[in-house]
Amino acid sequence: MAYTTIDDPSAYFQTDLFTGNATDDTAYTLDGNSDMQPDWIWIKNRTDVEQHRLMDSVRGASKVLKSSDGGVEEDVSTHLKSFDSDGFTLGTDNAVNGNTDSMVAWCWKESATAGFDIVSYTGNSSVRTISHNCGAIPKMMIVKKRSDADNWSVYHQATGAGNFTILNTTAASAGSSTMWNNTTPTSSVFSLGNKGEVNANTQTFIAYLFADVQGYSKFGSYTGNGNANGTFVYTGFKPSFVMIKGTTTTEHWLMYDNKRKVFNANDEVIYANLSNAEDTNTGLQIDFLSNGFKLRG
């Protein structure tokens with residue numbers, strides 16, 4: 001029987017929709033059941049062609065990375081101004097607060113209870129382990145070099161520690177023994193090889209780690225069948241956010257949520273690896289169900 005260990009998921013994750021106003025120091029309040037001060041905010045302008053903006057409390061509000069670009073971390077005063085007790089405050093930049101533009105912000109709270117941890121470290125080009133506070137074995141890790149331009153590297157339990165995927169491209173998963181040192185993360189550490197994207201000497205990095213939490217989060221895999229009566233993917237709860245990437249094909253990273261489209265079939269897609277505006281694509285439809293999701297495209 002499915003059950004949850006988190007009675008109110010909005011204490012740890014919320015999707016916020018808002019209309020930008022290009023006004024400095026504009027505070028936006030989250031509308032979930034719980035007040036939540038986010039630690040990781042991922043913002044996308046749905047209306048305009050703009051790079052994704054990712055900010056976290058470990059690096060600091062003004063430090064910006066872009067999932068759709070492998071560029072160096074930027075220090076920008078016109079993006080996120082602060083992480084607030086129940087939301088966030090923005091500056092004037094069009095990418096995060098474009099006037100009259102439709103915006104989406106996915107917001108996570110760092111917590112072992114919710115299986116999410118943010119880890120900052122400096123590379124040393126040597127095989128090593130790094131401690132984390134995820135509270136369980138991470139099933140997905142997203143790593144970005146901050147101090148120099150390089151690809152985003154993704155570990156996922158479905159492809160294993162001998163493989164990686166790149167968040168800012170469409171590339172299929174590829175093999176590498178020097179990325180995660182062919183070693184599955186444990187409940188206390190994750191492993192790195194000497195590959196420059198995740199462990200270049202003296203370079204600074206940020207890692208976002210996610211674990212399965214019963215009734216709250218799930219990281220898995222499925223095999224497609226190529227028709228509108230597509231594969232059903234069981235999560236054990238009704239998802240509010242779904243992210244999909246083809247591991248054996250060159251396809252985009254697809255992002256769905258239950259706020260931008262509140263009824264099935266959900267065909268409003270944002271591509272994590274592109275700066276494109278939101279796409280309405282019937283070929284990419286999915287249904288959000290009470291215990292998982294079903295492919296309809």
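The legends below describe close-up views of a predicted model.

**View 1. The four-stranded open sheet S1-S9-S3-S4.** In this view of the predicted model, four strands form an open sheet in the order S1-S9-S3-S4, and their pairing is antiparallel. Strand S1 (13–19) and strand S4 (53–56) stand at the edges with a single partner strand each, so one side of each is left without a neighbour in the sheet. Averaged over this sheet and with direction ignored, neighbouring strands are turned by 20° against each other. The antiparallel pairing of S3 with S4 extends over four bridges, and Trp 40 has Asp 56 in S4 as its bridge partner.

**View 2. The largest nonpolar core and the surroundings of Phe 210.** The largest nonpolar core comprises 28 residues, and those with the most contacts inside it are Trp 40, Trp 42, Tyr 208 and Phe 210. At least two residues of this core come from each of strand S3 (40–45), strand S9 (102–108), strand S10 (116–122), strand S12 (140–145) and strand S17 (204–210). A second, separate core has 20 residues, among them Cys 134, Tyr 155, Trp 180 and Leu 192.

View 3. Asp 75 counts as exposed because its relative accessibility is 54%, whereas Lys 63, at 23%, counts as partly exposed. Lys 66 forms a salt bridge with Glu 74, and here the closest N and O atoms are 2.9 Å apart. Lys 66 is buried, with a relative accessible area of 15%, while Glu 74 counts as partly exposed at 31% relative accessibility.

**View 4. The salt bridge between Asp 212 and Lys 218.** The side chains of Asp 212 and Lys 218 meet in a salt bridge with an N to O distance of 3.7 Å. Asp 212 is partly exposed, having a relative accessible area of 25%, and Lys 218 is likewise partly exposed, with a value of 46%.

View 5. Strand S20 (residues 254–257) runs antiparallel to S21 and is joined to it by two bridges, and Met 255 stands opposite Ile 270 in S21. Two bridges also join S21 to S22, again in an antiparallel arrangement, and the bridge partner of Glu 268 in S22 is Thr 280.

**View 6. Asn 281 and Gln 285 in the loop between S22 and S23.** Gln 285 lies in the loop that runs between strand S22 (279–280) and strand S23 (286–289), and Asn 281 is found in the loop between S22 and S23 as well. Gln 285 counts as buried because its relative accessibility of 19% falls under the 20% cut-off, whereas Asn 281, at 24%, counts as partly exposed. The side chain of Gln 285 reaches the backbone oxygen of Thr 282 at 3.5 Å, and a polar contact of 3.5 Å joins the side chains of Asn 281 and Asp 279. Leaving aside neighbours within four places in sequence, Gln 285 is in contact with Ala 265, Asn 266, Asp 267, Leu 295, Arg 296 and Gly 297, and Asn 281 is in contact with Asp 267 and Tyr 271. Asn 281 and Ile 244 are 37 residues apart in sequence, and their C-alpha atoms are 15 Å apart in space.

Notes. Residues numbered from 1 in each chain as written. Predicted model: local features only at pLDDT ≥ 70, side-chain atom pairs only at ≥ 80, totals over all residues. Heavy atoms only, no water. Buried < 20%, exposed > 50% of the residue type's maximum accessible area, 1.4 Å probe, protein only. Polar contact = N/O pair within 3.5 Å; in protein donor to acceptor, adjacent residues only side chain to side chain. Contact = heavy atoms within 4.5 Å. Salt bridge = Lys/Arg side-chain N within 4 Å of Asp/Glu carboxyl O. Core = buried A, V, L, I, M, F, W, Y, C linked by side-chain atoms within 4.5 Å. Pairing = 2+ DSSP bridges. Axes fitted to C-alpha atoms, helices over the stretch in contact; angles between N-to-C directions.
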